[in-house]
Amino acid sequence: MSAAELESPAANGATRSRSHWGRVWRKLARDRVAIFCAAVLILVALASIFANVLPLPDPYDSSILNRLKSWGTPGHPLGTDELGRDMLARIVHGARLSLLCGVLPIGIAFVIGTALGMSAGYAGGVANTVIMRSIDVLFAFPSVLLAIAISGVLGAKMMNVIISLTIVFIPQITRIAESVTMAVRNLEYIDAARASGASAFTIVRVQVLPNVLGPVFVYATGLVPVSMIVAAGLSFLGIGTQPPAPEWGLMLNSLRTVMYTHPLLAITPGVMIFVVSICFNLLSDSLRGAMDISR
């Protein structure tokens, strides 16, 4: 058998993968909901990245004389908080911390969880038992309570929030990656690659990985809003980001005392959390639909 024939299963798998992703992007390009949600998220991300160069007041600059100004106040489109700090500036700067607490833990958990899940799913046997039973230990605790416990032990810092959320989401992603890998490893073209003499590393890298990344990535995208909400909850409870940082959950906590007197000010950070979370959820649903080969 020639070298070209030996490599053909891997080449065919790579070609199928490229063709599949091409169809996915074409479906997404025709999905108006996905485009709108992606545009909103990109706009929020860009605003947070370039917050320091935008013509906004200092988010830490307080003034008791300007405290609790309503929406539409000249110079303060979204009003001011209980210390007279500009709400628009704090919302824009707070997007940086909130998105970081949503995306970074999921990104780290995606890499670690995918590696663990693929190792367990492809190797099987003792390796699968050891990895998955260890993961099951973390599943014994509710996600929110586990995040609260870890953050409480590590201390109230944003970095500790990221660490706790990463630990919380690794088991969920690992389980998805393991189940998808178990389904993929017995497909015909994987058997053909084994019969051709391809190494296990080559099969996993060329054949298994492209098929596992898609479903796991879609699932991980749906966890981003969950991570944001849990991070906001930790800040609300006082074991997350600490004052005077402009983080949306922390802003909700500080403004809850004026909920009945200035409701629009109090709900502004919550509205931002809701909008960004909904956009992530809808984008995740669009990705799932675009990757459905039966549609």
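Modeller: Let's begin with a term: two residues are in contact when their heavy atoms lie within 4.5 Å. One more thing before we start is that this model is predicted.

Biologist: Good to know! With that cut-off, what does Glu82 touch, not counting residues up to four places away in sequence?

Modeller: Glu82 touches Arg67, Leu68, Ser254 and Leu255. Glu82 itself is found in the loop between α2 and α3.

Biologist: Why is Glu82 called buried?

Modeller: Buried means under 20% relative accessible area. Glu82 has 15%, so Glu82 counts as buried.

Biologist: You listed Leu68 among the contacts of Glu82. Where is Leu68 found, and what stands out about its phi?

Modeller: Leu68 is also found in the loop between α2 and α3. Its phi is near 55°, a positive value in a residue other than glycine. Leu68 has 14% relative accessibility, which is under 20%, so Leu68 is buried.

Biologist: Let me step back to the whole chain. How many helices and how many strands does the protein chain have?

Modeller: There are 10 helices and zero strands in the protein chain. Along its principal axes, the C-alpha trace spans about 85 × 45 × 30 Å. Of the 295 residues, 44% are buried. The accessible surface comes to about 14800 Å², and carbon and sulfur atoms hold 70% of that surface.

Biologist: Among contacts between residues at least 6 apart in sequence, what share joins residues at least 24 apart?

Modeller: That share is 73%.

Biologist: Now the rings. How many aromatic pairs does a search of the whole structure find?

Modeller: The search finds one aromatic pair. The partners are Phe110 and Phe217, at 6.2 Å centre to centre with 80° between the planes.

Biologist: What makes Phe110 and Phe217 an aromatic pair, and why is the pair called edge-to-face?

Modeller: Rings pair if their centres lie within 6.5 Å, and planes over 60 degrees apart count as edge-to-face. The centres here are 6.2 Å apart, so the rings pair, and the 80° between the planes makes the pair edge-to-face.

Biologist: Which parts does the pair tie together?

Modeller: Phe110 lies in helix α3 and Phe217 in helix α8, so the pair ties together parts that are 107 residues apart in sequence.

Biologist: Which residues lie nearest the centre of the largest pocket?

Modeller: They are Leu41, Phe217, Thr221, Phe280 and Leu283, out of 28 lining residues. Two or more residues each come from α1, α2, α3, α8 and α10. By class, the lining has 24 nonpolar, three polar and one charged residues, and about 630 Å³ of space lies in this pocket.

Biologist: Phe280 is named there, so let's see who else touches that residue. What does Pro225 touch, not counting residues up to four places away in sequence?

Modeller: Pro225 touches Ser277, Phe280 and Asn281. The place of Pro225 is in helix α8. At 2% relative accessibility, Pro225 is under the 20% limit and therefore counts as buried.

Biologist: What about Ala89: where does this residue lie, and why is Ala89 called buried?

Modeller: Ala89 lies in helix α3. Its relative accessibility is 0%, which is under 20%, so Ala89 counts as buried. Leaving aside neighbours within four places in sequence, Ala89 is in contact with Leu56, Pro57 and Pro59.

Biologist: And Arg185: buried or exposed?

Modeller: Arg185 is buried, because its 19% relative accessible area is under 20%. Arg185 lies in the loop between α6 and α7. Beyond its neighbours within four places in sequence, its contacts include Gly121, Tyr122, Asp191 and Arg194.

Biologist: One last stop: which peptide bond is cis?

Modeller: The bond from Pro243 to Pro244 is cis, with omega near 5°. Pro244 lies in the loop between α8 and α9.

Key:
Residues numbered from 1 in each chain as written. Predicted model: local features only at pLDDT ≥ 70, side-chain atom pairs only at ≥ 80, totals over all residues. Heavy atoms only, no water. Helix = DSSP H or I, 4+ residues; strand = E, 2+ residues; numbered from the N terminus. Buried < 20%, exposed > 50% of the residue type's maximum accessible area, 1.4 Å probe, protein only. 1 Å grid on protein atoms, 1.4 Å probe; cavity = no way out; pocket = protein on both sides within 12 Å on 5 of 7 lines; lining within 4 Å. Points joined across faces, edges and corners; volume = space filled by probe spheres on them. Nonpolar A, V, L, I, M, F, W, Y, C, P; charged D, E, K, R; others polar. Areas by Shrake-Rupley, 256 points an atom, 1.4 Å probe, with all protein chains shown as cover. Phe/Tyr/Trp six-rings, centres within 6.5 Å; stacked < 30°, edge-to-face > 60°.
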